[in-house]
Amino acid sequence: MTDKATLTIGDKSYDLPILKGSTGPDVVDVRKFYGDSDLFTFDPGFTSTASCESKITYIDGDAGILLHRGYPIDQLAEKSSFLEVCHLLLNGELPTAEEFAKFEHNITYHTMLHAQFDSFFQGFRRDAHPMAIMTGAVGALSAFYADSLNVDDPKQREISAHRLIAKMPTIAARAFQYSVGRPFVTPRNELSYSENFLRMCFSVPAEDWVPNPVLTRAMDRIFILHADHEQNASTSTVRLAGSSGAHPFACIAAGIACLWGPSHGGANQEALEMLEEIGTVENIPAYVQGVKDKKYKLMGFGHRVYKNFDPRAKVMQKTCYEVLEQLGINDPLLEVAMELEKVALSDPYFIDRKLYPNIDFYSGITLRAMGFPTNMFTVLFALARTVGWISQWKEMFEDPSRKIGRPRQLYTGATQRDYAPFENRG
Ligand code: CMC
């Protein structure tokens, strides 16, 4: 393959370097193109544009491959733990036993929140969506942990990263307990990350909380499956916010806000609500017809990058079955989901557009069985994705070529004109 592309416009030619990655498509470097040609490139939605260089996560959408630092997601989901994956994403390598013990200790001993932080939750209405609480509460962390806001200090960057990974479960559990009117539960240092989170969500003072290893493992696996996903909308939001030098608590709050949208992390809530709306297998054909008539989308289907299958969806489906079996739940929505998947995958509308179930299709049924209300689904996504966001944020800061993000535009509005007073308008 050649190392440059040549673009000819009229009688002028421009040589554009081609940069090679370790795997995946090479990129045409257009950084100097505007300076040389006075032209911008145009790519709304970034469908053909690499916005950064990264060593963290790789996706091959056609082959259905997702790698974190080179390790396939199914191997990590099967053999690793969420905290180990956090270390991998943040630091680039799987930890030695000694490194892991230190990392786990650091995270565990940052799980508590400043005591005054608890009063912050009281300012929200009880019926506030927990994602609204998350956006506000995570943004407010900077008001409580001002000693780790200097983004130019690598040690402070690391402490902020650890604080975010550690405190997200505590904040998420409080958002949940607050919305259901139950008292907040203090984290316990002897429990694992996921067990601690489940206890903070579901234990009540009136009785002892008994851990269920199958549910703890399922929670941990769900966190692993959501940990990072390359330059998606929320991650790009975090990078763009961070490019101005903003501290990580503000950047992660921005990521949470973006994630909440129904085309992104909000889809897990919408997918389950869609299954509830369909209700029974008999209603599927009419619902699918509505999709084909473009009245609405099939939530939990389709992906910008995966055009074959979503490797996370396969693990999620297996986890879903394990959880339902363990809890002895016969959820009629699972039957609807399986039939809907079958109908869609054999229909030319979906085949032609390469629309396959994504991770959100089965996660909702699993989380519901575990006792989470639908409005908590995206919160769990945000909790897990925090490590991906902060790893990408950290990578951006460590890149000496970092520049503030500043996209250009194709302007189609009014050209220059003079201001006119009221009497001269219209
Ligand atoms: N149901 C029905 N039709 C769809 C769907 C869907 N879920 N997704 C895409 N299409 C159609 C779309 O209407 C278009 O059809 P046509 O060519 O006739 O105009 C074609 O497929 C291409 O769609 P697109 O909008 O250009 O695809 P995109 O890459 O911009 O969108 C997506 C990707 C994920 C936003 C979209 O597939 C979608 O909205 N899916 C439903 C929401 C969802 O499940 N999101 C979760 C994604 S996975 C978790 C995450 O990473 O956040």
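**View 1. The largest nonpolar core of the predicted model**. This core holds 109 residues, of which Met134, Phe197, Met219 and Phe372 touch the most other members. Helix α18 supplies its largest share, 13 residues.

**View 2. Helix α14 and its packing**. Helix α14 covers residues 311–327, 17 residues in total, and spans 25 Å from its first C-alpha to its last, close to the expected 24 Å. Its buried residues are Pro311, Arg312, Ala313, Val315, Met316, Thr319, Cys320, Val323 and Leu324. Helical partners of these buried residues are α2 (73–79), α9 (213–226), α15 (332–345), α17 (359–370) and α18 (377–398), and strand β5 (65–68) also packs against them.

**View 3. The two ends of α14**. At the start of the helix, a side-chain oxygen of Asp310 comes within 2.9 Å of the backbone nitrogen of Arg312. Arg312 is itself one of the buried residues of α14. Just after the helix, Gly328 adopts a positive phi of about 65°.

**View 4. A three-stranded open sheet**. The strands lie in the order β1-β2-β3 with antiparallel pairing. Strands β1 (4–9) and β3 (27–28) form the edges, each pairing on one side only. Strand β2 (residues 12–19) is joined to β3 by two bridges. Ile18 has Val28 of β3 as its bridge partner.

How values were computed:
Residues numbered from 1 in each chain as written. Predicted model: local features only at pLDDT ≥ 70, side-chain atom pairs only at ≥ 80, totals over all residues. Heavy atoms only, no water. Helix = DSSP H or I, 4+ residues; strand = E, 2+ residues; numbered from the N terminus. Expected span 1.5 Å × (residues − 1). Buried < 20%, exposed > 50% of the residue type's maximum accessible area, 1.4 Å probe, protein only. Contact = heavy atoms within 4.5 Å. Polar contact = N/O pair within 3.5 Å; in protein donor to acceptor, adjacent residues only side chain to side chain. Pairing = 2+ DSSP bridges. Core = buried A, V, L, I, M, F, W, Y, C linked by side-chain atoms within 4.5 Å.
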